[in-house]
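Dear colleague,

I am handing over the structure we spoke about, and my notes on it follow below. Please read them with the model open beside you.

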Amino acid sequence: MINKINTLQEYHEAYQECIDNPEHFWHQLARKFIWRRPWHTVLEWDFIKPEIKWFDGGGLNITENCLDRHLETQPNKTAIIWESNDPNEASVTYTYKQLHAKVCELANVLKNLGVQKGDRVCIYMPMIPELSMALLACARIGAVHSVVFAGFSSRSLSDRINDADAKVVLTTDGSYRGAKAIDLKGIVDEALLDCPNVQSVLVYQRTNTPVSMQGGRDLWWHDEIAKVDTHCEPVIIGSEDPLFILYTSGSTGRPKGIMHTAGGYMVYTAYTFKNVFQQQEDDIYWCTADIGWVTGHSYIVYGPLLNGATVLMFEGIPTWPDNGRFWDVIDKHQVTIFYTAPTAIRSLMAGDHSPKSTHSLNSLRILGTVGEPINVEAWEWYHEHVGRGNCPIVDTWWQTETGGMMISPLAGITPTKPGFATLPLPGVQPALLDENGKEIEGNGVEGKLCIKFPWPGMARTIWGDHNRFRETYFSAFPGYYFTGDGCRRDADGYYRITGRVDDIIIVSGHNLGTAEIENAIDEHELVNETAVVGYPHPVKGFAVYAYVVLFAEAAGKDHDALRKEINESISAIIGPIGKADKIQFVTGLPKTRSGKIMRRILRKIAEGETDNLGDTSTLLDPGVVEEIMRGKV
Ligand code: WTA
């Protein structure tokens, strides 16, 4: 269906073609999809405003491309294989035909609830097939989905529901994660105390645990499905109409509702999936991400289904019931493409949870990684122990904001180098900028990673705050999209992402804003002031280090008890993923005379650096640095 690049030479040709005539390149690709209305302009863009439009004037429904189109050619091909948290629970499969019917039914239910084109629907669900169906059902009727990762707290959930002004929430009674059962509906109930505009909650029974159902608001999924049929005409929306909102942490406190539109995102996720994984007809593809993150949106739901692939969805965790679970699942379902995060690789590696001789793993053809820089050691372990030395690894660099992969090898085509995302995909024009905003040419250089030309999958705005969109991504280097990442381009022109250069910490692959965590800690009544930084952690990549100044009333309080309370506060406000690994109580923070916290110094101390603290002469009180160093935890 979509053109595939088959050789390194073809890659270089496509790359050049895309620079010489990007409109033609993307026009040819986009033509392969079902459009109900042709576009009049392939691309219009302005990185200053910023305003980006792809395939403007075009009309489509992405679910026709994910589902209906496959009904003619491969109705009985498996679309989804679902593997439960519990290895003893039977797997479930849906063919494209069955998935289509399920999505249409659910779309009809949403219509009955009054959901219309453009309305926002919040989805707070565990990794079950109904989650994929929920996204697709929204898209079927032109509604905008906003998935909230089901590990977020009720506060995070209500903030996101209100920011998007969602009127319907889809959830389940409960969820399973390893040995734990989580009361999801209870979390939703708590969140909705602060969400006056939510009219309906549709509840799928996953755990069959008792929940309270609020009359007039809460409805059982199965009851509503029983009232509808499996026919639902797709609602045609414009290329530039929103498809979804997905929240990601920002440098300032509030999360940003990244908004993606339908046409460009469709073309881009399908194109990148096909080419990066070099997907073949009979692949069984497994991405271990949660659909609550962008990786799940683009590479569990849209990318694979657009290509008619068979995608495995896993509800559980790598370490339960034992740490061979990933390998069991690969063998059980004969997975050919496996896409996971460096943090998962490192956690299995650290405990010597290598695949055993009882694991064959010989179905595997291609391995992928995403979410944070992969260290060379983890790359090599992955290559040797999981890939048995003969599966190419695609280290894919991209972001929620980019919609799809940007810098990555094409599996088996681009020669790889451990730790390197290698080369930009055709259509992606990276640039490294120096402190003065000047582009650094040539190889063997390092700078801030920007992109200088639009690509179809890029975000169009931050929901309800276009100004913040401009400020965050287009103002640091006018005329460029700024990624927030540092990057090195080596002598061969290969790219290696060195990590965030802003106040975002990636903990176990999850992006967290330092300000967001600081705000949560500040809510503790005994906390006066906080500064949070990240420090390198062998498994998580980075972990959270919090420097906390307490009020005088805290004198004499047990510090460990306080640490526990502070982490409980973070858990309640953000979710357990935001917890601090280290909390140091200090009497003051290093500040400049203008009152700015010198995070650079705090970062160095957290990293264990004591000598090379750099220039401290602008500090208001250099004495606090000494004290902080002495008290390091
Ligand atoms: C980081 C996840 C190095 C990077 C798809 C980026 C990576 C942020 C890689 C986006 C990689 C992602 N190598 N770093 N292969 N992939 N990152 O929005 O810092 O959750 O800016 O999107 O993750 O995280 P997000």
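The buried residues of helix α6 (residues 154-164) pack against β6 (120-124), β8 (168-172), α7 (184-192), β14 (242-248), α15 (514-522) and α16 (559-573). Here buried means under 20% relative accessible area, exposed over 50% and partly exposed in between, with a 1.4 Å probe and protein chains only; contact means heavy atoms within 4.5 Å. Helices (H or I, at least four residues) and strands (E, at least two) are DSSP runs, numbered from the N terminus. The buried residues of α6 are Ser 154, Ser 156, Leu 157, Ser 158, Arg 160, Ile 161 and Ala 164, and the helix is followed by Asp 165, whose phi is positive, near 50 degrees.

Before going further, please note that this is a predicted model, in which local features need pLDDT of at least 70 and side-chain atom pairs count only at pLDDT 80 or more, while totals for chains, interfaces and linings use all residues. Residues are numbered from 1 along each chain as its sequence is written, and side-chain values use heavy atoms, with hydrogens and water left out.

Turning to the cores, the largest nonpolar core has 124 residues, of which Trp 26, Leu 99, Ile 123, Leu 170 and Tyr 302 touch the most other members. A nonpolar core is a set of buried Ala, Val, Leu, Ile, Met, Phe, Trp, Tyr and Cys residues joined through side-chain atoms within 4.5 Å. Helix α9 (residues 262-276) gives the most to this core, with nine residues. Because domain 1 (96-235) and domain 2 (447-500) both give residues to this core, it lies between them; the domain bounds come from an automatic or database domain assignment. Apart from this core lies another, of 42 residues, among them Tyr 124, Val 198, Leu 526 and Ile 573. Leaving out residues up to four places away in sequence, the contacts of Tyr 302 include Ile 62, Cys 66, Leu 135, Tyr 265 and His 297.

As for the rings, the structure holds 43 aromatic pairs, where rings of Phe, Tyr and Trp (its six-membered ring) pair if their centres lie within 6.5 Å, and planes under 30 degrees apart count as stacked, over 60 as edge-to-face and the rest as tilted. Phe 25 and Trp 26 form an edge-to-face pair, at 5.0 Å centre to centre with 85 degrees between the planes, and both residues are buried. Tyr 299 and Tyr 339 are also edge-to-face, at 6.3 Å centre to centre and 75 degrees between the planes. This second pair links distant parts of the chain, with Tyr 299 in helix α10 (residues 294-306) and Tyr 339 in strand β18 (residues 337-340), 40 residues apart.

Finally, five strands form an open sheet in the order β22-β21-β23-β25-β26, with antiparallel pairing; two strands pair if DSSP finds at least two bridges between them. β22 (439-440) and β26 (495-500) stand at the edges with a single partner strand each, so one side of each is left without a neighbour in the sheet. Strand β21 (residues 430-433) pairs with β22 over two bridges, and Leu 433 stands opposite Glu 439 in β22. Five bridges join strand β25 (residues 481-489) to β26, where Arg 496 is the bridge partner of Arg 488. The hairpin of β25 and β26 has five residues between the strands, and in this hairpin Gly 493 takes a positive phi near 80 degrees.

With best wishes
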